[in-house]
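Me: Please go through this model with me. I will ask what each label rests on, and I would like the cut-offs with the answers.

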Amino acid sequence: MNILLSLNEATRAVNSGSNRINLLEDITLNVNEGEFISLMGPSGSGKSTLLNCIGMLDSFTDGGYTFLGQPVHSMKEKNRSKLYKDYIGFVFQAYHLIDELNVWENIETPLLYKNIKSSERKALVGDMLDRFNIVGKKDLFPRQLSGGQQQLVGIARALIGKPKLILADEPTGNLNSKQSREIMELFSQLNKEGVTIIQATHSEANAAYGSRIINLLDGKIVP
Amino acid sequence: MLKNYFKIAFRNLLKNKVYSFINISGLAIGMAATMLIGLWIYDELSYNKHFENYDTIAQIYQNESNNGDTETSEAIPRPLEFALREAHNDNFKHIVMSSWNFPWYLKYDEKNINFLGSFMQEGVIDMLSLKIINGKPNGLKDLNSIMLAESTAEKLFGNEDPIGKILKLSDSFEMEVTSVYEDIPDNNSFSDLEFVMPWKFYITWQDWIREAEDHWGNNSFQAFVQINDNTTMEAVTNKIINVKKERSPEEAEFNPEIFLAPMKDWHLRDTYENGVQSGGRIENVWLFGIIGTFVLLLACINFINLSTARSEKRATEVGIRKSIGSHRSQLIFQFLSESFLIVLLSFVLAFGIVLLSLDGFNNLAAKQIVFPWTNYQFWIASILFIFITAILAGSYPALYLSSFNPVAVLKGTFKAGKYSALPRKILVVAQFTVSIALIIGTIVVINQIQYSKDRPVGYDKDSLIQVPVMSAEFSGKKDFMRMQLIESGAVVEMATTSSPTTNVWSNRSGYDWEGKPEGFQEDLAWTAVSYEFVETLGLNLIEGRGFSREFASDSTAVILNETAVKYMNIENPIGKLIRDSDYNDPDPAPPLKIVGVIQDYIVQSPYEPVKQAMYVFDAYENESYYNLRMNPDRSISDNLETIEAVFKRNFPNVPFSYQFVDEEYGAKFRAEERVASLARIFTILAIFISCLGLFGLASFIAEQRTKEIGVRKVLGASVKQLWILLSKDFITLVIIALVIGSPIAYYMMSQWLQKFSYRTDISWTVFALACSGAVLISLLTVSYQAIKAATANPVNSLRTE
């Protein structure tokens, strides 16, 4: 198995008044390609922060972070952004679709940022709509969809750039149990197809879909 | 990509109709105002650009000093021409002597029409690049020739070929039409040159002109020159500056300086103060340029404020885009393209507004601006204008919105910081500072005009008309005409004058009198008048009497105005003599005896003190105007009809024309009134735009605080308390703007008023008016939203949580 990313004593600290608080402390972790990891832990334990840092929306303040053999911690913004655009997709609890864009356009947007040609974009988005069975909804706007459908679009959008890694922050947190199950099964399916997934979750049932569970408490990995 | 951006922008526009309307209409109005001002400035700056030799044409000006005051004038003496040709001819391509452009009757067949024209030397044709469309290339060769402008030829000859036809000038001289030149378009000097006749005709025409040939002191002519390409205006001025002083020892005491006024300065920089160029219309160009920029900035501020105020709504989108791979620069580009789209829509609207309002604007500004459809520069300027506006309006919001941290935004913990509203507040203060300064400025301009209009004129200008003496036929008829006019019942009194009532055409010096200070160089406004001058104008005598037929000696009498008595330092003036300085000559002019002193009356600028003036009895038929005091007991139209009939009966060949003196007087305020009416419009626009922005912000704030208002209401707050709560922040900003704007306006308007000797004070009422107006308007603007929010049912706002 190839190592996708590795963290070496990675720390994320913030200043709160005169105190320095470690949101994440000395995280050491290797993730292999094809893994499906579930991050668990109570609220405030640092799950989201860890996802954001891995996803390069946020950055560690200390320690090493290597992604596909490249040192992210010492990388320039431009290269980091390229790495991130090419290999990482995000799925959010609140879906975070762009309200003013319809389903088709929401899914297309990441491709725009990758400067992909129009004809190719059409093909890729079309495939994705097919695959998720939402062709009929492509002209609808997010507010016209149910939560589950919105999250489906969110996942489709995360997948459109063919990422190696999907980061999902409580992807089913706003969904009922039936919708949750469907989404988790979709993740499971994607994982089988080779996509590495890291999800943060409160739910034991959801965590069980993963191949490995990592428990966080007060910003540290607990064995 | 761009398509995606525009799509978002467009959907946002449709979704937030109120904001879109405020943004687009505010920007459109601002842009339209700026475009109109831009067109106006372009028009002003392109004055005289029609002439091919624009860069090398100049007029010869003269500075002369009198008791330490230097006056600048374009009137020059005839011998100057010969001196220039003899000693400095190598500097000039052309030297063109010219008379003043003056109305003359041209008669052909039955048609006898009044046209403006000049007598000029032949060089004018090449100098002004007159385009000869019919006839001889040089139409000024023969003594009795006349060149007509195309429009003049058309009016006189219709479709006939005018070349070779004989016209009658003033019904007495026969002139042959030699050529027709293309009209000089509006917005150029000489655009009212409707015909040209040879200078050599002019100089043989009347004795005084002939005699002026060697009179260095007779400044009654004009000279235009075109300098050679290899020299400069300054260089030529340096060479000719002392030519008059050197050649005329008697004139040297006035320290005459001859210099070139380049054509490019004729229109924009035609004011001289103490012999030094001191501006002119260029000040208005700057003034309106600044106002235009400010109006545009105000509109941009609206855009900035509304975009940043709504930032929380756009923040999520920014976070999502960043999390799916957007770089900050791409977001900046997205927001800029969004503002570009809005500016583009506004421009289209502004374009329509300009097209619709151009006629009205022309009217107001006394311009003939034509929309420059075919001027590629205009289109380039428009494109630049769109980009500049988009960047002005869009860059701060783009930088601000694109800066959001996606982690914070997406977590939902994003709240605009405590100080995020500060730039917005500063911008609102800036908007109202400008608006208030404009309000105060406009009020002061209007006050100044009104103040000067209220200034006592010193004569009765109502129902007074002046009839120009247009023909030699009038000669010697004034007493006869007076009798007939009075008998007709339409006129109660009549007097002739050598200058119109509202101007002075002649200033004289070279007098001597008892008590004249040693070395005093007097400069007196001089007018020759007939017997009933004082009665006709309704002047107030302070001492002595007016001219009277009962005193034969009045043919050498003179009336002074009050200022002249003080100026000349004459005590007990009545009966004192004023002599020509030449009284030692063998044949001296008879001395003038002072018979009366009149109260000052305004002849020239209503903003300046009345000049020292002497009114001599006209013994030599110097009359240029018949002044008629119409019968107050009859209607004006009746009077005019009767008067016209009397003139027609006596001078059947001379078309009757007249002017109302009060209208002529009113014309003195026109330039300032034009500034005032333009300033008023742009001030209203500025206030409107500022209030539009305030309205937008208020509605946004009310919306943002809906929940707070609901809670407060449930807790028992009254509508009034909520209204105060919501309004006071804005009113505070307006009051801060008042505090900043008032002193700025005070300083600037004090400076502006300096150019008037007779000027109003800036009283506290101006500020009180401007301030209460601004507070009231902004309160009204804000209150609509505040009261709407305060009266909403709290159940609705709280339930939505």
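**Labels and their grounds**

Reply: Strand E12 (residues 257-262) of chain B has five of its six residues buried, so the rest of the structure largely encloses it. This is a predicted model, in which local features need pLDDT of at least 70 and side-chain atom pairs count only at pLDDT 80 or more, while totals for chains, interfaces and linings use all residues. Residues are numbered from 1 along each chain as its sequence is written, chains are lettered from A and ligands numbered from 1 in the order in which they are written, and side-chain values use heavy atoms, with hydrogens and water left out.

Me: What makes a run of residues a strand or a helix here, and what does buried mean?

Reply: Both elements are DSSP runs numbered from the N terminus, helices (H or I) having at least four residues and strands (E) at least two. Buried means under 20% relative accessible area, exposed means over 50%, and partly exposed is in between, with a 1.4 Å probe and protein chains only.

Me: How do you know that strand E1 (residues 57-66) of chain B pairs with E12(B)?

Reply: Two strands pair if DSSP finds at least two bridges between them. E1(B) and E12(B) have six bridges, in the antiparallel sense, so they pair by that definition. Asn63(B) stands opposite Glu257(B) in E12(B).

Me: Which strands form the open sheet in chain A, and why do two of them count as edges?

Reply: The order is E2-E1-E4-E5 in chain A, with antiparallel pairing. Strand E2 (19-32) and strand E5 (70-71) each have a single partner strand, so one side of each has no neighbour in the sheet. Strand E4 (residues 62-67) of chain A is joined to E5(A) by two bridges. Phe67(A) has Gln70(A) as its bridge partner in E5(A).

Me: Why is the contact between Glu81(B) and Arg85(B) called a salt bridge?

Reply: The term requires a side-chain nitrogen of Lys or Arg within 4 Å of a carboxyl oxygen of Asp or Glu. Glu81(B) and Arg85(B) have an N to O distance of 3.0 Å, so the pair qualifies. The two residues are four apart in helix H3 (residues 79-88) of chain B, which puts about one helical turn between them. Glu81(B) is buried at 5% relative accessible area, whereas Arg85(B), at 31%, is partly exposed.

Me: How many salt bridges are there over all chains?

Reply: A search of the whole structure finds 41. One of them joins Glu623(B) and Lys478(B), with the closest N and O atoms 3.7 Å apart. Glu623(B) is in the loop between strand E24 (613-617) and strand E25 (625-630) of chain B and Lys478(B) is in helix H17 (residues 478-488), so the pair ties together parts 145 residues apart in sequence. Both residues are buried.

Me: What about Glu532(B) and Arg482(B)?

Reply: Their closest N and O atoms are 3.4 Å apart, in a salt bridge. Both residues are buried. Salt bridges with shared partners join Asp479(B), Arg482(B), Glu493(B), Glu532(B) and Arg549(B) into one network.

Me: What makes a space a cavity, and how many are there?

Reply: On a 1 Å grid over the protein atoms alone, a cavity is a set of points where a 1.4 Å probe fits but cannot get out; lining residues have an atom within 4 Å of a point. The structure holds nine cavities of 30 Å³ or more. About 250 Å³ lies in the largest cavity, a volume being the space filled by probe spheres set on the grid points, which are joined across faces, edges and corners. The largest cavity is lined by 19 residues; among those nearest its centre are Arg310(B) and Glu338(B).

Me: Which volume and lining does the second largest cavity have?

Reply: Its volume is about 120 Å³. The lining of the second largest cavity has 14 residues, with Lys85(A) and Ile324(B) among those nearest the centre. E6(A) gives the largest share, three residues.

Methods. 1 Å grid on protein atoms, 1.4 Å probe; cavity = no way out; pocket = protein on both sides within 12 Å on 5 of 7 lines; lining within 4 Å.
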